[in-house]
Amino acid sequence: MKIPLLAFNDKGIYCQQADVYLDPWRPVKNAIITHGHADHSRWGHQNYITHHTNIPIIRHRLGEINVTGKEWNETFVINNVKFSLHPAGHIIGSSQIRVEHKGEVWVFTGDYKTEDDGISTPYEVVKCDTFITECTFGLPAFNWTPQAEVISEINNWWAENKAEGKTSILFGYSLGKAQRLLKYLDTDIGKIYTHGAIENMTNVLRPMVDFPPTTLVTRETKKEDLLGNMVLAPPSAHGSIWIRKMTPFVTGSASGWMAFRGARRRRAIDKGFVLSDHCDWYSLLDSIKATGAEKIICTHGYTDIFSKYLRELGYDARTEKTQYEGEAAEMEKDEKEAEVDQSETSLISENNEL
Amino acid sequence: MKNFAQLIKTLDSSNKTNVKVDALTMYFKNASPEDKVWTIAILSHRRPPRPVNTTLLRIWANELANIPLWLFEESYHIVGDLAETIALIIPTTKEHSDKSLTEYLQEIIALKKKSDAEKKEYLHQNWLALNYYERFVFTKLITGSLRIGVSQKLMTRALSKAEDVDEDALAYKLMGNWDPNTITFQELILDEKNSDYLSKPYPFYLAYPIEGEVDNLGNPEDWSIEHKWDGIRSQTIIRESEIYVWSRGEELVTDKYPEFKNFVGLIPDGTVIDAEILAFPEGEIGTFNDLQTRIGRKTISASLLEKVPVILKAYDILEWEGQDIRNLPYAERRLLLEQLYDSIKDKTPYFQLSERVLLHSWEDVTTERMRAREMKSEGLMLKRNDSPYLVGRKKGDWWKWKIEPLVIDAVLTYAMRGHGRRSNLFTDYTFALWQTNDNGEKELVTFAKAYSGLTDAEFRRVDDFIKKNTLERFGPVRSVTPQLVFEIGFEGIALSKRHKSGVATRFPRILRWRHDKKIDEANSIEDLKSMIS
């Protein structure tokens with residue numbers, strides 16, 4: 001039997017011909033990394049290859065690693081297999097990985113979105129035979145509104161809160177979502193404060209993107225200073241003492257999950273903004289079609305439902321189990337950490353002073 | 001409709017009572033009188049009858065979304081709410097609609113009599129003319145329940161602020177039968193005498209569970225003690241030779257209980273009784289399970305009437321000789337009630353008294369509570385002798401003191417996604433107990449479902465476990481590896497032919513997660529049956 005160009009094993013997505021893994025979840029020798037989120041770029045590989053804009057991000061997260069940077073569309077050959085990275089539009093530095101061998105082309109998306117967010121290099125369609133796609137929001141219930149509309153909703157909300165003399169606290173994942181929000185927050189309304197995790201990551205990205213100024217919330221920050229202003233915080237800070245000290249405040253969350261009323265109410269967040277760094281239903285379907293691929297492999301999200309639908313559309317589609325978690329993990333895992341945080345307040349203030 | 005949808009969005013997106021009251025008050029101040037009547041009706045669960053069944057609703061919504069029906073169903077299981085799913089999958093267009101809430105509701109009422117083709121055309125047109133949230137609210141108005149965390153009490157408070165009408169008086173005006181399609185705001189809220197006076201019940205007074213030690217309540221002589229019956233709280237009205245029986249859910253249930261018909265003539269006109277409806281098979285108080293055989297039925301067969309008759313267990317009197325006597329002290333109202341009972345007890349077996357238990361010390365009260373299961377009650381009610389009959393749930397004068405639940409350790413075997421704020425999380429669980437089958441092997445047999453009692457954090461951990469330990473999927477239900485043990489509490493227990501385990505439990509809920517127990521340490525069906533007294 002012919003060995004597939006990319007196979008799924010217990011360590012990750014493996015190219016045997018090149019002895020290279022794509023976004024492996026266990027330590028391996030050679031790893032090509034799509035982007036900096038923790039479920040895609042893990043600790044412990046001997047050699048990392050990634051887009052050069054992702055290097056500062058993963059260095060910040062993983063410390064000193066042996067990493068090689070590549071340009072978009074730059075072909076590099078490992079044992080006759082041609083690899084290249086192409087923008088995925090998910091966050092800054094996020095790539096799709098194109099793999100070609102003996103005329104056969106596979107593309108692995110990692111996480112992606114097709115809408116141009118203005119800070120990540122926009123998604124590029126890459127023609128292929130087999131398309132390995134995420135489908136975090138692979139349900140027809142997910143249809144995003146354009147970013148500009150969501151952003152103006154957020155700024156209006158901030159202005160209303162300010163008029164009522166309250167602090168606005170907006171939750172977003174510390175890598176990606178937080179910077180996307182920061183970029184478009186209207187600094188005419190007030191000052192933007194940050195949680196330590198977001199401040200640090202933003203500082204890593206400032207050389208690449210022009211962001212508005214931010215102020216780190218420290219132990220010395222008085223809650224009176226915050227009134228009417230905006231605090232950007234990771235979801236894990238929700239419900240923590242760090243937040244409770246900011247009373248009076250209103251909380252908001254920016255995530256694709258906010259499309260569901262239940263998701264917002266369950267998290268006891270005052271206001272939900274539907275803003276995601278993943279594709280919605282139609283952009284998944286459109287981008288799959290645009291690749292021209294006949295074989296589709298769904299890695300994470302509503303994989304069973306989505307691949308069943310793709311088969312009805314005539315694709316040769318299947319699901320492979322991976323350890324990627326998409327936006328679900330970004331929310332839920334952060335929440336689990338939040339429970340620990342509540343009891344370990346010292347940890348938060350320490351983190352914050354890093 | 002725009003304003004109403006905006007109101008619902010605000011109510012739905014806040015957990016804070018004052019934000020909700022403010023939003024409602026603002027809305028009432030600005031809305032048209034017709035829209036106000038409809039808003040009150042919807043928030044007090046008076047909805048127009050459903051004009052389209054949900055099957056057709058799904059199919060027609062699906063046509064606009066252009067997806068296969070199975071995909072709609074999968075989405076629905078995950079979203080957890082039909083109207084929300086429909087609103088999400090239908091594309092938003094550039095159109096808009098300026099019709100008022102009242103216009104929409106009149107159209108929805110008229111829709112019921114239309115042909116399927118007309119219904120479909122109407123829905124398609126309006127779904128596409130509304131934005132996402134309006135579409136959600138519109139669909140909710142069609143499917144029925146609009147559960148947005150606004151109690152009738154909260155709505156009444158806002159209305160009272162907006163109209164400057166006393167809150168308790170308002171609560172009374174909003175009770176009973178009124179039709180939002182015919183009544184005006186003037187008649188409903190502002191006029192002194194309401195046209196539907198005859199059948200109008202009083203708002204129920206509700207007790208709080210007792211807090212702390214019972215002897216904190218002071219002198220036991222100041223209190224009346226009675227058992228807390230496990231049936232349906234009701235109000236029976238006899239006015240102008242007519243009887244009206246209301247359930248606590250403000251449902252008129254007169255026709256379901258023909259036993260009470262002959263109270264007319266026995267009980268004088270101008271009397272309102274607060275009482276529990278109880279099943280009374282074989283001349284004694286039955287279980288809630290017995291009563292359940294009567295609740296859902298519209299027509300009651302002669303054999304059922306004979307097998308499971310019901311009685312009224314009366315505990316209070318709110319109107320006497322046509323006068324509202326809710327302000328009289330409880331002790332005085334009781335005397336009137338007891339006199340009434342004495343005068344008719346030989347003439348009907350269906351009117352009974354919830355006896356006051358005479359006790360002089362809190363030790364005696366505590367001992368009496370222990371007798372609850374023997375008395376077929378849920379525990380005790382403690383009512384202050386000098387208390388008036390208040391409106392709604394108010395602390396201080398009435399307390400309920402339930403007995404501790406029965407408990408058993410059971411194994412989690414199936415799970416389903418929750419609804420509302422728990423959609424997308426597996427929070428509805430089925431529990432099983434051990435039973436030895438005919439081949440002498442131990443197997444797990446389902447005995448109860450429960451979906452409350454864990455913290456949000458625990459639910460997330462169980463959810464995580466379920467997603468990783470799914471054995472099989474049956475639509476929205478998953479069977480899971482039997483591994484987790486929970487302590488399940490319940491109020492009552494009875495043999496049942498309808499249940500696989502042969503036993504029905506009352507109010508089962510999760511008390512705690514028994515991390516310390518393995519599944520073979522869970523209880524058996526035999527253990528459960530041994531609890532039946």
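Domain bounds in these views come from an automatic or database domain assignment, and the structure throughout is a predicted model.

**View 1. The two domains of chain A.** Chain A is divided into domain 1, made of residues 7-141 + 278-323, and domain 2, made of residues 147-275 + 335-352. Taken over C-alpha atoms, the centres of domain 1 of chain A and domain 2 of chain A are separated by 29 Å. Where the two domains touch, 15 residues come from domain 1 of chain A and 13 residues from domain 2 of chain A. The side of domain 1 of chain A that touches domain 2 of chain A comprises, by class, seven nonpolar, six polar and two charged residues.

View 2. A:His86 lies in strand E8 of chain A, which runs over residues 81-87. With 20 other C-beta atoms within 10 Å, A:His86 is buried, because a residue counts as buried if 20 or more other C-beta atoms lie within 10 Å of its own. Leaving aside residues up to four places away in sequence, A:His86 touches A:Trp72, A:Asn73, A:Ser95, A:Gln96, A:Arg98, A:Glu124 and A:Val126. A:His51 is 35 residues apart from A:His86 in sequence, while the two are 8.8 Å apart in space, C-alpha to C-alpha.

View 3. Within helix H8 of chain A (residues 281-291), the buried residues are A:Trp281, A:Ser283, A:Leu284, A:Ser287, A:Ile288 and A:Thr291. After H8(A) comes A:Gly292, which has a positive phi, near 75 degrees.

**View 4. The packing of helices H3 and H4 of chain A.** Helix H3 (residues 177-184) of chain A packs against helix H4 (residues 196-205) of chain A at an angle of about 75 degrees, and their axes are 10 Å apart. Angles of 65 to 115 degrees count as roughly perpendicular, and H3(A) and H4(A) are therefore roughly perpendicular to each other. H3(A) contributes A:Ala178, A:Gln179 and A:Leu182 to the contact, and H4(A) contributes A:Ile198, A:Met201, A:Thr202 and A:Leu205. By class, the residues of the contact of H3(A) with H4(A) are five nonpolar and two polar, with no charged residue.

**View 5. The crossing of helices H4 and H8 of chain B.** In chain B, the axes of helix H4 (residues 54-65) and helix H8 (residues 116-129) come within 10 Å and cross at roughly 50 degrees, and H4(B) and H8(B) are therefore oblique to each other. The crossing in which H4(B) passes H8(B) is right-handed. On H4(B) the contact is made by B:Leu56, B:Trp60 and B:Leu64, and on H8(B) by B:Asp116, B:Lys120, B:Leu123, B:His124 and B:Trp127. Sorted by class, the contact of H4(B) with H8(B) has five nonpolar, one polar and two charged residues.

**View 6. The contact between chain A and chain B.** In this interface, 20 residues of chain A are in contact with 26 residues of chain B. On the side of chain A that touches chain B, the elements giving two or more residues are helix H7 (261-266), helix H9 (303-312) and helix H10 (326-343) of chain A, and H7(A) gives the most, with five residues. By class, this side of chain A has nine nonpolar, one polar and 10 charged residues.

**View 7. The domains of chain B.** Chain B is divided into domain 1 (2-143), domain 2 (205-402) and domain 3 (406-529). The C-alpha centres of domain 1 of chain B and domain 3 of chain B lie 35 Å apart.

Note on methods. Residues are numbered from 1 along each chain as its sequence is written. Chains are lettered from A and ligands numbered from 1 in the order in which they are written. This is a predicted model: local features need pLDDT of at least 70, side-chain atom pairs count only at pLDDT 80 or more; totals for chains, interfaces and linings use all residues. Axes are lines fitted to C-alpha atoms, for helices over the stretch in contact, and angles run from 0 to 180 degrees between N-to-C directions. Helices (H or I, at least four residues) and strands (E, at least two) are DSSP runs, numbered from the N terminus. Angles under 35 degrees count as roughly parallel, over 145 as roughly antiparallel, 65 to 115 as roughly perpendicular and the rest as oblique. Two residues are in contact if their C-beta atoms, placed from the backbone, lie within 7 Å. Ala, Val, Leu, Ile, Met, Phe, Trp, Tyr, Cys and Pro count as nonpolar, Asp, Glu, Lys and Arg as charged, and the others, Gly among them, as polar. A crossing is left-handed if the near helix is turned anticlockwise from the far one by less than a right angle, and right-handed if clockwise. A residue is buried if 20 or more other C-beta atoms lie within 10 Å of its own, exposed if 12 or fewer, and partly exposed in between; C-beta atoms are placed from the backbone.
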